[in-house]
Amino acid sequence: FFFLMIRRPPRSTQSRSSAASDVYKRQVSTQSTWGFRFRIQLMNPQPASTGVSAPLQIHLDMKDKRNQGGQEENGLVNNTTGTYRYSEPRTHQQNKSFWESFCGACFPNRTQLTNEELRHFYALKDRANVPFDATSEDHNENVWRLWSIFFGDRTNAIPNERWKEVGFQGVDPRTDFRGGGLLSLMNLIYFAGNHREMVLWMSEAQNDFLWASTSINITHFLVRYFHLSNSISWPRDKAEIASRRALKTFCSLLVKEYEFFEQLHALLCEDVFKIWMQIKAKSPRITIMNFPQAIEALKKKFKRVFQSQRFLSIEELKRVYSGSA
């Protein structure tokens, strides 16, 4: 790296056309073989009294930087050719290490998301940010779908004491969906539809395991970790979101694997129950109040495994994840 210093000429030499004017800029643009554009911009020097030399700003811009047309909330950009391209989520763009930021133009960018991966990502993001609406007939119909999996025929109204049997906190499950949105309900339906007997076993009183509440918690975690929530921002949530490598793996599996997000959610639901049973076995004093320990252990394990390598399939992920302590 190098340092570049610019001395400010005496004020007596300033003129409107002089290079020593207050607004002194120079731009140098070069094109690399990988399609990146270096732009080195020397901004207005600081006054002499500060003793600070002019800052050197280096921008690594993609050759096809999408500054044509307006960027919509979901990242969709019209590039004036009649086709659509997706821009990477800002949190992914900004989530670069020091070496990625300053040396990325010199090496192939293996963490850049393809247009197809982004299409699947934004489709899931749209679903993930739909809040549950207790006044919606469609949303309530899905609540009845979940009821029918466990309890059969409908009753007169959704509120019912039996919801507590499968891990809801109250008699009306709709209040639990506030944090996870409609997607958390759909994940419950997917898991219960494929693992009904497992859910009933998990929900036995002696296990102190709130399956429904735990499932909603896991959906919320995955949505935030994989940059899907509209509420995350940079750099506030930097420690909470997936690395560029992990998000690249996630998006590639969204393309390759049918219902990948639902399968991933199911994998974590099963594992957090195993972790909880192990914690309970260590001491008879363990109660439901200690359950956050299981959730934190699950998150640490998942982050460690998912960021350890590039997974090519859900089966490979399951195999490596199951063998990890």
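Colleague: Which exposed residues does the face of H11 turned away from its buried side carry?

Modeller: That face carries Arg319 and Ser322. Keep in mind that this is a predicted model.

Colleague: Which residues of helix H11 are buried?

Modeller: In H11, residues 314–322, the buried ones are Ile314, Glu316, Leu317 and Tyr321.

Colleague: Why do you say that the buried residues line one face of H11?

Modeller: Seen down the helix axis, the buried residues of H11 fall within an arc of 155°, so they line one face. As background, residues three or four places apart in an α-helix point the same way, because there are 3.6 residues a turn.

Colleague: What covers the buried residues of H11?

Modeller: The cover includes helix H8 (244–256), H9 and helix H10 (291–306). Tyr321 of H11 also has a charge over its ring: the charged end of lysine 301 sits 4.4 Å from the ring centre.

Colleague: Why is the pair of phenylalanine 151 and tryptophan 163 called edge-to-face?

Modeller: The cut-off for pairing is 6.5 Å between ring centres, and planes over 60 degrees apart count as edge-to-face. For phenylalanine 151 and tryptophan 163 the centres are 6.3 Å apart and the planes stand at 90°, so the pair is edge-to-face.

Colleague: What makes it a link between distant parts of the chain?

Modeller: Phenylalanine 151 is in helix H4 (residues 137–151), whereas tryptophan 163 is in the loop between H4 and helix H5 (181–194), 12 residues apart.

Colleague: Are phenylalanine 151 and tryptophan 163 buried or exposed?

Modeller: Buried means under 20% relative accessible area. Phenylalanine 151 has 15%, so it counts as buried. Tryptophan 163 has 0%, so it is buried too.

Colleague: Why is the pair of phenylalanine 306 and phenylalanine 311 called tilted?

Modeller: Planes under 30 degrees apart would count as stacked and planes over 60 as edge-to-face, with the rest tilted. The planes of phenylalanine 306 and phenylalanine 311 are at 40°, with ring centres 6.1 Å apart, so this pair is tilted. Phenylalanine 306 has a relative accessible area of 1% and is therefore buried. Phenylalanine 311, at 1%, also counts as buried.

Colleague: How many aromatic pairs does a search of the whole structure find?

Modeller: The search finds 28 aromatic pairs. One aromatic cluster is formed by Phe132, Trp144, Trp147, Phe150, Phe151, Trp163, Phe168, Phe177, Phe191 and Trp211.

Colleague: What does tryptophan 147 touch, and where does it lie?

Modeller: Tryptophan 147 lies in helix H4. Leaving aside residues up to four places away in sequence, it touches Gly152, Asp153, Arg154, Thr155, Asn160, Arg162 and Trp163. Its relative accessibility is 2%, so tryptophan 147 counts as buried.

Colleague: Which residues touch the most other members of the largest nonpolar core?

Modeller: In that core of 70 residues they are Leu146, Trp211, Phe226, Phe250, Leu264 and Phe302. Helix H9 (residues 260–282) gives the most to the core, with 12 residues.

Colleague: What does tryptophan 211 touch?

Modeller: Not counting residues up to four places away in sequence, the contacts of tryptophan 211 include Leu146, Phe150, Val166, Leu188 and Phe191. Leucine 188, in helix H5, is 23 residues from tryptophan 211 along the chain, and their C-alpha atoms are separated by 9.2 Å.

Colleague: Why is leucine 188 called buried?

Modeller: Its relative accessible area is 0%, which is under the 20% cut-off, so leucine 188 is buried.

Colleague: Why does glutamate 259 count as partly exposed, while histidine 227 counts as buried?

Modeller: Glutamate 259 has 30% relative accessibility, so it counts as partly exposed. Histidine 227 has 1% and therefore counts as buried. Neither is a glycine, yet phi is positive at about 55° for glutamate 259 and at about 65° for histidine 227. Glutamate 259 is in the loop between H8 and H9, and histidine 227 is in the loop between H7 and H8.

Colleague: What is the peptide bond from tryptophan 234 to proline 235?

Modeller: That bond is cis, with omega near 5°. Proline 235 is found in the loop between helix H7 (211–225) and H8.

Conventions. Residues are numbered from 1 along each chain as its sequence is written. This is a predicted model: local features need pLDDT of at least 70, side-chain atom pairs count only at pLDDT 80 or more; totals for chains, interfaces and linings use all residues. Side-chain values use heavy atoms; hydrogens and water are left out. A nonpolar core is a set of buried Ala, Val, Leu, Ile, Met, Phe, Trp, Tyr and Cys residues joined through side-chain atoms within 4.5 Å. Buried means under 20% relative accessible area, exposed over 50%, partly exposed in between (1.4 Å probe, protein chains only). Helices (H or I, at least four residues) and strands (E, at least two) are DSSP runs, numbered from the N terminus. Contact means heavy atoms within 4.5 Å. Rings of Phe, Tyr and Trp (its six-membered ring) pair if their centres lie within 6.5 Å; planes under 30 degrees apart count as stacked, over 60 as edge-to-face and the rest as tilted. A charge sits over a ring if NZ of Lys or CZ of Arg is within 6 Å of the ring centre and within 35 degrees of the ring normal. The arc is that of the directions from the helix axis to the C-beta atoms.
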